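Please look through the sequence and the model shown here before reading on. The paragraphs below go from the overall layout to individual contacts.

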Amino acid sequence: MKLIKFLILGICFGIIMVKSEAFSWFRIHEMFHFQSFHMYGLLGSAIATGMVSVWLIKKFNIKSISGDSILIKPKELKWKANLLGGIIFGLGWGLTGACPGPIYTLIGTGVTVFIVVLFAAVMGTFIYGALKKRLPH
């Protein structure tokens, strides 16, 4: 019962995904073919919201719900790793028609074939975790 707020937040996120058509394979297909601005506008507004949120957190030293300081550490830029990771992510997104967030929404809306995609994503995460120590830093 303690985690009910996260369930409610997840349901709200799913409703937003459905209403904005962010989970739609056809919208994603249009984006990759440069036929519609819909997804670019959606992703751009998410990036802008994230940028403003991080700026506000840093500017006003906003605390977490538990009262702890929110510390955002700068990341080292690794061109090869970022490029390879972006290519793998983009290929997965293009082939399946969904990035990780909408996978759950698609399953929830009855597109049960995405259970296979979810399984593959989870297995990919486990494989990365197993190989992480062997990868160059």
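How many helices and how many strands does the protein have? There are six helices and zero strands, and the order along the sequence reads α-α-α-α-α-α.

The model is predicted, and confidence comes before geometry. The mean pLDDT of the protein is 88, and 99% of the residues score at least 70. Of the elements, helix α3 (residues 38-60) has the highest mean pLDDT, 94, while helix α5 (residues 100-108) has the lowest, 83. Where pLDDT is low, predicted coordinates should not be read in detail.

Two helix pairs can now be taken in turn. A packed pair of helices is described by the angle between the axes and by the distance between them. For α2 and α3, the axes come within 8 Å and cross at roughly 95°. An angle from 65 to 115 degrees counts as roughly perpendicular, so α2 is roughly perpendicular to α3. On the α2 side the residues that meet α3 are Arg-27, Ile-28 and Met-31; on the α3 side they are His-38, Met-39, Tyr-40 and Leu-43. Sorted by class, this contact of α2 with α3 has five nonpolar residues, one polar and one charged.

The second pair is α5 and helix α6 (residues 114-131), which pack at an angle of about 150° with their axes 9 Å apart. Angles over 145 degrees count as roughly antiparallel, and therefore α5 is roughly antiparallel to α6. The crossing of α5 and α6 is left-handed. From α5, the contact is made by Ile-103, Tyr-104, Leu-106 and Ile-107; from α6, by Phe-114, Ile-115, Val-117 and Leu-118. By class, the contact of α5 with α6 has eight nonpolar residues, with no polar and no charged ones.

Aromatic rings are the last topic. The structure holds four aromatic pairs, one of which is formed by Phe-32 and Trp-93. A ring pair is described by the distance of the centres and the angle of the planes. For Phe-32 and Trp-93 these values are 5.4 Å centre to centre and 80° between the planes, and the pair is edge-to-face. What does this pair tie together? Phe-32 lies in helix α2 (residues 25-32) and Trp-93 in helix α4 (residues 79-96), so the pair ties together parts that are 61 residues apart in sequence.

Conventions: Residues numbered from 1 in each chain as written. Predicted model: local features only at pLDDT ≥ 70, side-chain atom pairs only at ≥ 80, totals over all residues. Heavy atoms only, no water. pLDDT = per-residue confidence, 0-100. Helix = DSSP H or I, 4+ residues; strand = E, 2+ residues; numbered from the N terminus. Axes fitted to C-alpha atoms, helices over the stretch in contact; angles between N-to-C directions. Parallel < 35°, antiparallel > 145°, perpendicular 65-115°, else oblique. Left-handed = near helix turned anticlockwise from the far one by under 90°. Contact = heavy atoms within 4.5 Å. Nonpolar A, V, L, I, M, F, W, Y, C, P; charged D, E, K, R; others polar. Phe/Tyr/Trp six-rings, centres within 6.5 Å; stacked < 30°, edge-to-face > 60°.
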